[in-house]
Amino acid sequence: MILKPIGIIHSPFKEKKDSPHQGRYGVETSEIEVFEEYSEALDGIDRYNHLIILYWLDKAERNLLKVIPVGKSKKRGVFSTRAPSRPNPIAFSLVDLLEVNENKLTVKGLEALDSSFLVDIKPYWKDIDSIE
């Protein structure tokens with residue numbers, strides 16, 4: 001398997017303790033910089049209000065199979081949680097797209113740490129039939 005970053009995330013969260021538990025409810029904005037070689041893939045992205053952002057949690061532990069979720073007291077399997085620690089630390093956030101400026105997207109609702117690698121972007125809409 002080959003996984004190649006397509007961009008980098010610039011966020012206000014420098015350390016794990018600064019990042020919100022659920023970015024969706026945060027008010028902070030972040031900038032997603034798509035590498036130039038992939039900028040053509042952004043054509044049409046401005047049609048959407050919401051995006052699913054997939055990114056790599058490079059500071060997460062990869063050897064934990066059970067964790068205690070935030071606010072809970074009992075361990076559960078990582079696949080039943082959104083914990084960053086997991087065998088393949090891929091995360092996703094549903095964000096509000098605020099602005100598109102060439103290869104840079106300004107978004108709200110992202111909980112990624114600053115300098116996290118962008119893995120993919122997918123449009124999100126409530127009713128799939130209403131867009132096309």
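In the predicted model, strands β6 and β7 form an antiparallel pair. Strand β6 covers residues 90–101, and strand β7 covers residues 104–108. Five bridges join the two strands.

Pockets were examined next. The largest pocket has a volume of about 800 Å³. Its lining consists of 31 residues. Nearest the centre of this pocket lie K16, L57, R82, A83 and P84. Strand β3, residues 50–56, supplies at least two residues of the lining, and β6 likewise supplies at least two. By class, the lining of the largest pocket holds 17 nonpolar, six polar and eight charged residues.

The second largest pocket has a volume of about 160 Å³. Residues I6, V34 and Y38 are among those that line this pocket. The lining also includes the run A41, L42, D43, G44 and I45. D120 and I121 complete the list. Seven residues of this lining are nonpolar, one is polar and two are charged.

Note on methods
Residues are numbered from 1 along each chain as its sequence is written. This is a predicted model: local features need pLDDT of at least 70, side-chain atom pairs count only at pLDDT 80 or more; totals for chains, interfaces and linings use all residues. Side-chain values use heavy atoms; hydrogens and water are left out. Two strands pair if DSSP finds at least two bridges between them. Helices (H or I, at least four residues) and strands (E, at least two) are DSSP runs, numbered from the N terminus. On a 1 Å grid over the protein atoms alone, a cavity is a set of points where a 1.4 Å probe fits but cannot get out, and a pocket is an open set with protein on both sides within 12 Å along at least five of seven lines; lining residues have an atom within 4 Å of a point. Grid points are joined across faces, edges and corners, and a volume is the space filled by probe spheres set on the points. Ala, Val, Leu, Ile, Met, Phe, Trp, Tyr, Cys and Pro count as nonpolar, Asp, Glu, Lys and Arg as charged, and the others, Gly among them, as polar.
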